[in-house]
Every structure is written in C-alpha cells, then in structure tokens.
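Hello,

Please find the structure we spoke of below. My notes on it follow.

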Amino acid sequence: MSAPALAIELNVQVLSASGEPLQDMVVYAEPLDGQQLPATDKVVSVGQKGKSFAPYVSVSQAGSDVLFDNQDDITHHIYSVDSDARFSFKIKAGEQRLQRGLDQSGEVAMGCNIHDWMSGYLLLVDTPLFGKTSQAGAVSFDTPEAGRYRVTVWHPQLLADNNREAQTVDVQNGMKVTARLTSGMDETPEQESDDDFDFLSEY
Amino acid sequence: MLNKGTVFAAIVSAGAVTQVSALESKLNGIIDYRLAHSDTSDSYRQGGIGKFGTDNGGQAYLGQAGLQWVLEWDSGLSFHAVANGYLDGEDNGLGITETFFKYRGIPNDSGHRLQSKVGLFYPAISLENKAFAWAAKNTLNSSTLNTWIGEEIRLLGAELTWTRLGKLNDADYDLSFTASGFFNNDPSGALLAWHGWTSSSRQTLWGEKRKIPPLEARKSGFKLEPQAAESDPFLELDDRPGYHLQTQVRWSRQGEINAGYYNNNARTDIVEHGQYTWLTRFYYVGARWLLDKKLELTAQYMTGDTLMNDVYGRPVVDNDYSSAFVMLSKRIGKHRVTGRIEEFSVTDKDQTVGDNNSEYGKAATLNYTYRYSKPLFLSVEHSWINSDRPGRVYSGEPADREERQLLLAVRYFF
C-alpha cells in the first residue's frame, strides 16, 4: 500500500475576452490520462428564493444527489424537460427535497411551472473537480493525480459551441491556469415577474 | 396488543397522511370596505340608469368580500372555487363567481405546454381584474369594458391552452393559444343594450338576475312586452355551445398582449320565461406593458355586436358596441397613482319603437392608493363619466348626463 499522494492544487482564473474577471462561471477539469479520481460526496444545493432559482447556475457530479431547498413562503413546481434528467415535483414553502437519479452528464434546464419567469441551470459533469468562479473569477481544485486534464468553462450565456470553452493543461505541481475566453457572454436573464402586485390570482 | 380499532385507526391515519402530502389547500381573499359619495342617478344595479355601482348621495358599504379556495394536487391538477359577497343595500348578494378544475401539464422538451380548464370561469380578457377573486389591481371601479365582462360574460364549459415557453426556445416571449367551448351565456348582451356601459366593482354571481331599466318597449302592446323585468345572463336556451378564441404573448419582465374573439353562437329567436337569446359577438385586444419597472401602461379595446330577434325572426334589438381605455399606473414606494381614460359607445341599428339603446360617452378615473402594510391598501378614487344616452328619457331624465363618484376604500388582501 502506497501512501496517498499529496493533493495537487489547480487554480483557474476565468477572464472575459476583454480581460475582466468573470464571476459564477462553471469550471470543471476532466482527467485525460486515465487518472482515477474518487467520486465526490458533495451534495449541491439548488435554492428557490425570491421566486427565482438561487443560484441561477449550479454544478454537480453526475450520480450525486442534488438538494432542492425552497426558502420562499410559497409552493414551487420545479421541473426539468431534459430527456436524460427529466423530473418534476412540487416543493412547499420551507421544504427541502433530495433529488436522486441525476446520473447522466449534461446541461439540465430547470423551470417552475407556477412561475414561468423562473429559470435555472444545473450542469452535471463526469468529474469530481468542479466549481464556480468567485468575484475575482477564480476557482481552485485539489486533485490527487498529476497528468493532463481538460479544463472547461461553461455558462448558459457563454456564446460558444455547447456554451463552453476548453483547454488542455498538464498538471504536475500546483499550478495556475488562466482561461481567457474567446467568446462573448450574453446577458444573464433576470428571473423576475412582469407584475409586482403580491395578490395576483394566478395558478 | 393490536385490536380491530387500532388497526382501523392506523389504516385511516395512513390514508390521511397520503392525502395530505398529495394535496395542498390555499385560501385567499379580499375584503373591500368603502365610503362613496356620488352625483348620479339610481344605480344600474337596481334597474336605474346611473352608471356607477352606488346611488346618488353618500353611503358606506362592503364593496367586496371575495374568497378563493384552491386545492392543488402534485400532478398539476387543481380545483378552484371563487365566492364573492356584496353588502351595500343595492342588490346584496353572496354566491359563486367561478368554480373549475384546471390541469397544467409539464412542458415537453421543446417547451410546449398544455393547460385545460373545465367548469365555470372567466375568459382571460381583463388586464385589470387580476387580483384575488377577480378584484381590480390598481383601481376600485373597473373600466366600463371589464365591468361588462364581470356582469354578463362567463364561460361554463371547457378550455384548452397551448403555450410555447420562450425560455426553452431561445425566445424572450411565451406564446399561447386558447380555445374554449361553453354553454349558459345566451342572454348576454341584454344588460349592455339596456343600461349601456357602466363602471363598478360588482361581478354578477352565478344564477343572479339583474333588473333592467324602464323601457317604453316593455309596455303592453309594444315589441318587448314578453321581456322579463330582470335579465339572467347565465342561461342556456338554445342548447348550442358558444366559443372563445384567444392568443396571448407574454414578454418576461415587460408585459403581455392578448387578442381574441368571443361568440356565444346563440340562436336569435328563442324566448323562455321572458328571457331571450341574444347573439353576442366581440373582438378584443389588450396590452399591459412596463414602461419602466414601476410605470405600468394598460390598454384594452373591444368592439362587437349583439342581436335579439322576436320569435318570428325579426330584429328587435340590433346593436354595435365598443369600449376602450388607456390606464397609466405609477408606483413610488408605498404610493401608487393610477389614471384611466375611456371612450365607449352603443349604436342602435334596429327600428324598435320605445327602445333606443344608442349611447356615446367618455370616462376618467384617478386613483391614489397608499400601501399601509403588506396586505392593507388605503385608496381614494374619483370617477367621472359623461354620456349621451337618449334612452334615459324612458326614466324621465335628460339624455345627456355627467356623473361623478368619489370613493374611499380600505382593501385587505389575505
């Protein structure tokens, strides 16, 4: 039995084409040399708050459960229409629900069937190395295995093929990678009703 | 030790738990209490020719006690019942205004969604009456256009709506088409013909009749002698369904437009117990738009006709009508100011003696509402209507009339 390898830190900074740091971009790193990475036990939480998906974009490893957390004082009817991860359920005020069976990687577009303006995304990836960038555009991963990785940046409003841009990185020691995007970003849609009256008789 | 009783209780409680988890019950409503001072004639609600919901002079009254109960299943099926009560000494009433089942499916992967309604419900025409129990959102009195919808238009039938959701189609708007088939709206048009356009917050309850104003033509020996003293808008007399078609486009964070066609498809030669069938048809178009986040523009236009024949098929009442309003509503924190202007008309095309339904008028409404707390709204509203209606002479009043109403209201939503 060999001792576990020391974690290697991979820092990624995501910059726009004009060099500005980009926040809330999903970044994930997939091994290209057959490195074996243990699946994460991280349970990602997708909140409903202020009649919107909060956060708007989430990322989780395919096969993990995802926690839906309704922090509003009303019921939501959450759904996804993606064929690999189709689900729908009602979640009452203050309730939480652990959603299982999200086993296929891919982009899951979610909505609420009561509040049509609500829109959120969940990206399911085949790697435990995933995260979202901070205000400074930075995210970091600890990997136990050196070697080549494909580092991908994804966002539903990234104007690139499949909404993602990738680069291959040979990770040996702790290293810092800059992902300067070549594609532009569309405006992130605001999840907001067109009517701010609180006592509407809908649904 | 288990006995029969505990086993039974366990089964019952297990059943109850299952039911509770699959069902959600919601009760919402509105209480609207008002002080009114009006310079008008006796209200149309009691067979008068006044255009407001109250008589001349002052009064304090319960303008609306509305309750809506929604029972929702996890599947997207829901049951809706809406009751409204009015206590104002005019025509006090308590009853059902809508009751229906609704099913809203989950969109498919192309963002297409089907929704259906079965029961008694309003067609989604009004862009004002969107609060609980069909209360108007920004004013106390509805426009003449929507006051009429609330008085004579109701669908007892089935409706199917197809929606294409923009967010699943890279579009910033949702597109819907709705088709409905309905019964029990055969005499609709009668009240519009005989009292003209009116403005109030009163909805007609299911089964409720409304007095019609004095008409020369209802006197003995005249054409309308068989007409009952009260009109019942929600009758089925010819066993023929009517239909309603609508398209709606809704832009997220911007607003919506709707356009549609209503046709009650009534035969025009039936009279039963003094209630005639009226062939009533109209087109409408409306828009609600946020000019900025707190400035809302609403406008609706309707134009149509209504025809009532005698049993020999000769026209007795043959009217064209139209009504339009433009409303601007601005919110500044807890304050909201709303202004609305209207123009309306009825054109009498028949030759019936003693039944002139022609009318032309304008109206203006100014409302200030202060949101005292989240559910409590204090409003003051002034309405002005100037209309020329030759048929007023049957009530011994001049054809041309200017009417005013000042309302103070406390509205509580829950």
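**Nonpolar patch on chain B**

In chain B, β1 (23–39), β18 (359–371), β19 (376–388) and β20 (400–413) each supply at least two residues of a nonpolar patch. Strands here are DSSP runs of E of at least two residues, and helices are runs of H or I of at least four, both numbered from the N terminus. The model is predicted, so to speak of conventions: local features need pLDDT of at least 70, side-chain atom pairs count only at pLDDT 80 or more, and totals for chains, interfaces and linings use all residues. Residues are numbered from 1 along each chain as its sequence is written, chains are lettered from A and ligands numbered from 1 in the order in which they are written, and side-chain values use heavy atoms, with hydrogens and water left out.The patch lies on the surface and consists of B:Y33, B:L35, B:V337, B:L366, B:Y368, B:Y372, B:L378, B:V380, B:L406, B:L408 and B:V410, with about 940 Å² of accessible area together. Such a patch takes residues with over 30% relative accessible area and no salt bridge; nonpolar side chains (Val, Leu, Ile, Met, Phe, Trp, Tyr) are joined within 5 Å, and like charges, for charged patches, within 9 Å. Areas come from the Shrake-Rupley method with a 1.4 Å probe, and for residues only the protein chains shown count as cover. β20(B) gives the largest share, three residues, while B:Y372 sits in the loop between β18 and β19 of chain B.

**Interface of chains A and B**

The contact (heavy atoms within 4.5 Å) takes 42 residues from chain B and 29 residues from chain A. The two chains bury about 3,200 Å² between them, 47% of it on carbon and sulfur atoms; buried area is the accessible area (1.4 Å probe) that two parts lose on being put together, summed over both. In chain B, the residues that lose the most area to chain A are B:I106, B:K167 and B:R253, together 21% of what that side buries.

Eleven salt bridges are counted between chain B and chain A, a salt bridge being a side-chain nitrogen of Lys or Arg within 4 Å of a carboxyl oxygen of Asp or Glu. A:D116 pairs with B:R113 in a salt bridge, with the closest N and O atoms 2.7 Å apart. The side of chain B that touches chain A divides into 14 nonpolar, eight polar and 20 charged residues. In that division Ala, Val, Leu, Ile, Met, Phe, Trp, Tyr, Cys and Pro count as nonpolar, Asp, Glu, Lys and Arg as charged, and the others, Gly among them, as polar.

**A salt bridge within chain B**

Over all chains, the whole structure has 41 salt bridges. In one of chain B, the side chains of B:K51 and B:E359 meet at 2.8 Å, N to O. This pair links distant parts of the chain, 308 residues apart: B:K51 is in the loop between β1 and β2, and B:E359 is in strand β18.

**Loops of chain A**

A:T40 is in the loop between β2 (26–31) and β3 (44–48) of chain A. Apart from neighbours within four places in sequence, A:T40 is in contact with A:Q61, A:S64, A:P128 and A:F130.

Most residues other than glycine have a negative phi, and most peptide bonds are trans. The peptide bond from A:A54 to A:P55 is cis, with omega near 5 degrees, and A:P55 lies in the loop between β4 (53–54) and β5 (57–61) of chain A. A:D24, a residue other than glycine, has a positive phi, near 60 degrees; its place is the loop between β1 (8–15) and β2 of chain A.

Regards
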